[in-house]
Amino acid sequence: WTARAFDYSAYVGPSWSFEFLAYEPGHPIIVAGLNRQVANVLRQVALLNQPAQDRTGLCRGAHSCVISQTGPSAYWAGVWEATHRLGCTNQRQLFTAGQCSSSVSDPMRRVHVCRRITYIGSGMLGRIMTCNVSRHNDCRNGGIQGLRCGSSRSNSPHYTRIGVDAERFFATAPLLR
């Protein structure tokens, strides 16, 4: 038996890589992750509008402002929220195959967690292929010759090189309609 693409609502790797997001539209994990990201950004903007002494919890630096607020940490928090709200049995933030088989949500029951990880290269310079489809092209430590972060050959600096102030990551101006 070979699975057809539409048999599953999502394909995720065993590490739940943020670089490879293959979900059907409106999937509960994506909705929960996006809701978390929006709430995080709005909280940062609200804090930026406070006097400096009242900014407890304001992000600082690339890891805090990008990774934690809108990146993998927010995505994984969405996985946690969706799985626990919808009756999966995982005890940790992420889940493995079968832990959502009794979920009240059809899309959650149909998440496919790929078992196979393919390594290209060796040692620290090797790259992981998620579900045999995608790899993380990390310009700082992904071991890819010629991939530059924030060099004169790239269009913009890598997010880790733009400073540590939250103002560099979030704007407080009203949104345009």
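User: What makes the passing of helix 1 and helix 3 a right-handed crossing?

Analyst: A crossing is left-handed if the near helix is turned anticlockwise from the far one by less than a right angle, and right-handed if clockwise; helix 1 passes helix 3 in the right-handed way. Helices here are DSSP runs of H or I with at least four residues, strands are runs of E with at least two, and both are numbered from the N terminus. Bear in mind that this is a predicted model, where local features need pLDDT of at least 70, side-chain atom pairs count only at pLDDT 80 or more, and totals for chains, interfaces and linings use all residues. Residues are numbered from 1 along each chain as its sequence is written, and side-chain values use heavy atoms, with hydrogens and water left out.

User: Why is helix 1 called oblique to helix 3?

Analyst: The axes of helix 1 (residues 28-48) and helix 3 come within 7 Å and cross at roughly 130°. Axes are lines fitted to C-alpha atoms, for helices over the stretch in contact, with angles from 0 to 180 degrees between N-to-C directions. Under 35 degrees counts as roughly parallel, over 145 as roughly antiparallel, 65 to 115 as roughly perpendicular and the rest as oblique, so helix 1 is oblique to helix 3. Contact means heavy atoms within 4.5 Å, and the residues making it include Pro28 and Ile29 of helix 1 and Ala74 and Tyr75 of helix 3.

User: How do you know whether Ser105 is buried or exposed?

Analyst: Buried means under 20% relative accessible area, exposed over 50%, and partly exposed in between (1.4 Å probe, protein chains only). Ser105 has 9% relative accessibility, so Ser105 counts as buried. This residue lies in the loop between helix 3 and helix 4 (106-109). Leaving aside neighbours within four places in sequence, Ser105 is in contact with Pro28 and Leu86.

User: And what makes His63 exposed?

Analyst: His63 is found in helix 2, and its relative accessible area is 54%, so the label is exposed.

User: Why are strand 2 and strand 3 called edge strands?

Analyst: Two strands pair if DSSP finds at least two bridges between them. The open sheet of three strands has the order 2-1-3, with mixed pairing; strand 2 (22-23) and strand 3 (111-113) each pair on one side only. Strand 1 (residues 10-12) pairs with strand 3 in the parallel sense over three bridges.
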